[in-house]
Every structure is written in structure tokens, then in C-alpha cells.
Amino acid sequence: MSDHFRYSLYAATALAAFAQAAPAFAQATEEAQAAGGVGEIVVTAQKRAQNLQDVPISVTAFDDKAIKEAGFTNSLSIGDQVPNLEIKTFGGVPNIFIRGVGNNDFNASSIGPISIYRDDVVVASTGSQIFSLFDLERIEVVRGPQGTLFGKNTTGGAIQFFSKLPGDVFEGNARAGYGRFDLFEAEAAASLPLADGLSLRVAGIVRRRDGEKTNLFTGEDAINVDEAAARAILRWRPTDDTDVRLSVGGGRDRSDYLENKPVGTINGADLFGYSDPFPDNSNILNFNGESRNYSDNVFVNLNIAQSFGDFTFKSISGYDKSDVDNRVDVDGGTKRVDEITFLTDAEQVTQEFQLAYDGGPLNAIGGLYYFQEDLDADSNADLLGELTFAQGALPLITRATRKNRAYAIFGQATYAIIPTLRVTLGGRYTIDKVRATHRADLVSGFFDANIADGAPVPLVPFAALRDTFKSFSWRIGADVDVTDDILAYASVDRGFKAGGFNIGIITSVAERTQVDPEYLTSYEIGLKSTLFDRRLRLNLSAFYYDYTDLQVLSVNRQAGSAVPTLGLDNAADATIKGIEVEATAVPTDWLDLGLNLGILDAKYKNYLSGAIDPVTGNPRDFSGNRLPGAPKFTLSTFAQVTVPLGRFETRWRAEYNYTGKKYYNNAESDLISSGEGYGLLNLRVAFADPDQGWELAAWAKNVTGKAYIVDATDTSGFGFVPRYYGERATYGAEFSVRF
């Protein structure tokens, strides 16, 4: 263990001991609130309702109040508030990293090792994973491999979103807000009793905003936001033992794509001599291509639960369909160098059967799982469009499909050897069948309205690809009640990410590779405690990962070619170790404090890449480099003061979130990184009448106007590196009411 790592551990423990807490929020019981201190947190990270402090897994949770006060807007906006969680997008594809485990691929056909769940149903398609957040009961982020209960593609963890359910009485809420750049937000929800045991909840949201940046080329705003979503849940409970829920929902997004500022790598310019006229102003862009980040999504879920004494049977059925149309001006300038359209259609069907037992010293769950996905992922890439076809332009049209069928059987049991000591064993066997087709053609004139399309010239000929992968994941754990308020645990978990094919944007047959599953074995110890008469909740964890057969996407420059190659191979092994601190503290009834802390050391153990060193002519060795999306240090703090004013109250809240330097490629290139660590300050103040249920609030995000880089990629073969910046300072006000 390095001195830096050891001293960071000491600092983390000391900070936690002083009750500076982290955002591990969720359902606080009325009894705990009335008595003062932190409330009980209920999560379902083990497929059953449990107090967070009784769950021997690293979990961060947010309840509806925490979601509102943090200002989360969509499924990817939670990254700053969870230790060792990093989220970005490229090409409309979410790139999510938990503890350094993630997906750094921009192709819609890519598969990530972090799964997203909506009301217990996996959302596998990247086109469906970005959705508006509204009328939620809670959010759970489960860290570490979850291969036993959640299955494939949870090597790094899982993120779960739970909707509010219909109640037995009429009630609801509404909110409207206005902010900088003509931001307008409105949402509403209501529970409607229909008959004895039958109720309906409907909810919807609209969010629109003018661009927060300016496109110098057009003189118009850039990065406009235009989102809308709705959901209805019908719930039938004819008896206390039966619960049937039917959810129908969907979303529409007509926003702009997050465009970039390019950094020229050829004497400050790109291949055609363009350089950014305002390199030091991240709010001024200058791109000539179209920009859109369009998507449509619809889903239907049916959840049936039936109890029989100590047994509970569940059937969870899901259907999801998404259509995506993204247009990205990758070169970010006034020349046609690298402009891509991604067109994705995906349809998914899932079915899970569970049988759970909870009686005496034994708690167990077993089940069967089926997953079906049909994906069409096309792309039109205008590469080197400033040239003619004869001069070397690459009007590249890629057509790809993937059909995935997966079957699994799983089980997990926890047995109390004595009342204070429990052991857990679990396993899951998965059969994963993948069928794919792929081709890439050059079509002269395709991107020029003045030239008739020429005959397609096969660049990467058509291929039908197929394989079947079989994997076993498992969990072994033990937890002990040190006292009534302290739980200690240790576990070993094995998870995997499914195998597949590189069927994205490629220019040669050699790039159309097949990859086998990647595997991760996690060793974790942790402590969960509620101290000082529930004035402090303190949770600690330390982990070590043995990560093998990593599926690594690398952007490789080859001698004599401006167009990079995209390699996807089981090219590397890695080791990851880290520490996390989560706590909440309520030292007085009017003061809430919080801090979370993540310390991470994630490095390739051995990785000989496909990139060629221009000096030696040998493959570059990235062994010892840090993994993408793995900053060494993340920190999130908050303080909230509540001041009673008669029947009214005011709440004053400040948050500070810091992310250390992170790299966006495998080569540890400073140019393709966040450049430095950055901190963001957010403020919120509210004036409310708790009895009448209304609140007027003002908020501000990134108060200091910090310019910070959220993504970058290696297109240096074209003479530039695109850098994508986060939102500038924003502020607004909102009014909300409960009824």
C-alpha cells in the first residue's frame, strides 16, 4: 500500500469520525424523524426490503426529498453525489464507471458493465438508459459485482430507479420552475383511488431550455434542451398477500448534442488548418455540422407478487423499445473532418420468476431469468469530407444488427448460524447467445447534395457473426452484529460482462473482432454503524478487485493513415483497490451535515495495446496506466440549516463536489483527460409551509462558473482532440405544492 493511499485512509477515517457525512439517503421513518437524528433507510439491493444498515453490500440511496434538493434531472445526473461513480456520454451512449469499472465505447452496439434498472426491470439498450427523473420513491446505487442476483453486465454494479406507487387516498404534487437560459420545468403526479384495492398513479414532466453555449458559426444558441416524459402505474391489491402492478411510460427527447471545443494537434490546428478562435472560452463553440440528440422510448412493466406464508412468488415482466437519432460534429469546427450520425432502434423483452423464503434463521431466494434484445445500430460517418472521394474522403455507411438471447438460473441464501452471525452463499449460471450482422460501405456523394450517390464500395464486407457464452457468477459472504448498532461484513464476489463483437464504426475486417466475457473477482470488507443515539450514520468499505480479460476499446493510430483504427479485444488485466466513506450526521435538530469520500487506485496490470509507437515501431505498452474514468479522489459534501419561522421554515443548503483528475483513454494522455481536478459549488434556499405543503425555492449550480472537461477522445489522426465541457453557472427558482 502506497503512502498516499495509507494517508488517505487515515484522513477518511478521521473525517468520518467527526461526523461529516455522505449522501446515503432514503426512506426515513416517521418514528426516527420524531425522535431526532438520522432515520432508517430501506433498500432492496438484495431483492428484498431491508434496512440499509443490515445490508452487507456497499449501497448509496436517495429518497424523494434528497432527489429534489440535489436537483437531479435525468438518470445520468447523479454521478457527483456517489463515491467512486463517474458518468459521461459520447455519441449518445452513456459511459458509466463505478470504482473504475466501466464502458469507454461510443458505439450504440457497445455493452457496459454497469446495469440500469427501472422498477426492477433492466434497461439494457443505451438508447433507453438516459431518461428524465420525476416522481421517484428512491434511487439506489449498488457498488461491486452483482452477478448473483442481477446477472450479466453488472461487473461494476447496478443503478436502480424506483417510481412512487399509487396510494389508497387521493393525493399528489406539482412543481413549476424557471431559470437561466429560459429554463422551464413543470411536473405533476397524482394517486387516484379507483375501487377497493385498486388505484392509479399518473405522473409527467416537461423540461426545456435554450442553449447555455453559443455557436459562433451560426450565431445561435447551442446545446438546447427539450425533454418530456410520462408514466402511469395501475396497482391492484385484492388481499394483503397479492400485489399486482402494471406500469406504462415513455419519454421524448429533442435536445441538442453536447458539442465540443477542439484542440488542434498540428501546430495548434487540425488536418485542414482550422483552429478554435476562442480556445480559452468554453462557452463559445464554432461548429458547422448539425447537432441533435433525439430519442423516443416506451416501456411496459408487469410485476405480480403473491405471498404464501413464509414464501413469496414474484413474476417481473418487462418490455422496452427505443429509437435514437444522434448527429455529432466530432471535429467541432467549420470544416467537414469528422461528422457522424448514429441511428439506433432497440427492442427488449425480459421475464423473471422469483421464489423467496423468509422464515427463522434462513432467508433465501431463487429464480429463472430470460432476456431478449433486438438491436439495429447504423451510422453514417462523414470522414475527411473536405476532400473529394478520389482524394481520400471516407463517406462511411455502417449497418449492424444484434440479436441477444440470455437464460439464467440463480439462487442466494443467508443463514444465521447464531442470531448475530450470518453467512451467505449464492450462484448464477447464464447462457448468453449472440447473433450479429455487420457491413461498412463507402458511398461517394452520400453527404453532398450536389453529387449523385455512387455505387456502394464495400470497405468491410458483410458478415454474419454468432457465438454462445456460458458463465457462472457467485457470492460468498459473512456479516456479524458487533453491537446492536454496528455491522461488520466481508465478501467475495464474482461477476462477468457478456462477450460479443465489435460491430461499430470500423474501416477494416481486422477491427471486427470477437471478445469473450470479462471477469471480475471482488474482495470487500465493510462496516455499517449508527452511533451517538442515531446522530451519526457512518459506513465504511475497502475493496480489492482482480479484473481479468478486460474488453478494451482502443483508438489506435497506425503509420501512414489519418483515420484511426478502433480495436476491441480482451487485451488487458487490471487491479483495483479503494476505500469509501459514507456518513450522515444530525448534530442538532436544525443542522444536517454530509460528506462522502472515494479513494481509488485502478491500473492496468498488463496491457500491450494495438497502437504503434511512432518512434520504435512497436506496440505501445499501457501496463501500469490508470483506467479511464477512475479519478484517484472524489469528494462530496453538504450542509443544510433549517430555521423555523412560526408555522413556516427556511432551509439553507450548500453542496461542494470535487472530482480528481481523470483520463478518458488508455494511454494516460494529458490532452485526453479532464486536465485537472475540479470542484463545483451548488446552493439552494427554500421557504416552506410544511402544514400546507407548499415550498418556494431558489437554486444555483456551479456558482463559481467553473469550466471543466467532462469528456475527450483521441482523434489526433485528424489533427485535433475534441474536448467536451460541463454546464456553466445556472440558477433558477421553483414553486412546488403537495395536495
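Q: In this predicted model, where a polar contact is a pair of N or O atoms within 3.5 Å, which residue has a side chain joined to that of threonine 521 by such a contact?
A: Threonine 521 lies in strand β30, which covers residues 518-531. A polar contact of 2.8 Å links the side chain of threonine 521 to a partner, and that partner is arginine 494.

Q: Is threonine 521 buried or exposed?
A: The cut-off for a buried residue is a relative accessible area under 20%. Threonine 521 has a relative accessible area of 8%, and therefore this residue of strand β30 counts as buried.

Q: Is glutamate 220 buried or exposed?
A: Glutamate 220 is found in strand β15, residues 220-222, and belongs to a surface patch of negative charge together with Asp182, Asp210 and Asp221. A residue counts as exposed when its relative accessible area is over 50%. Because the relative accessibility of glutamate 220 is 52%, its class is exposed.

Q: Which strands each supply at least two residues of the nonpolar patch?
A: The nonpolar patch on the surface is formed by Phe308, Phe311, Phe313, Phe353, Leu355, Leu368, Ile409, Tyr429 and Phe472, which together have about 860 Å² of accessible area. Two strands, spanning 311-329 and 338-359, each supply at least two of its residues; these are β21 and β22.

Q: What is the relative accessible area of phenylalanine 353?
A: Phenylalanine 353 sits in strand β22 and is a member of the nonpolar surface patch. Phenylalanine 353 is partly exposed, its relative accessible area being 37%.

Definitions and conventions
Residues are numbered from 1 along each chain as its sequence is written. This is a predicted model: local features need pLDDT of at least 70, side-chain atom pairs count only at pLDDT 80 or more; totals for chains, interfaces and linings use all residues. Side-chain values use heavy atoms; hydrogens and water are left out. Patches are made of residues with over 30% relative accessible area and no salt bridge: like charges are joined within 9 Å, nonpolar side chains (Val, Leu, Ile, Met, Phe, Trp, Tyr) within 5 Å. Accessible areas come from the Shrake-Rupley method with a 1.4 Å probe; for residues, only the protein chains shown count as cover. A salt bridge is a side-chain nitrogen of Lys or Arg within 4 Å of a carboxyl oxygen of Asp or Glu. Lys and Arg count as positive and Asp and Glu as negative; His and the chain ends are not counted. The place of a charge is taken as NZ of Lys, CZ of Arg, CG of Asp or CD of Glu. Helices (H or I, at least four residues) and strands (E, at least two) are DSSP runs, numbered from the N terminus. Buried means under 20% relative accessible area, exposed over 50%, partly exposed in between (1.4 Å probe, protein chains only). A polar contact is a pair of N or O atoms within 3.5 Å; within protein, one must be able to donate a hydrogen and the other to accept it, and residues adjacent in sequence count only if both atoms are side-chain atoms.
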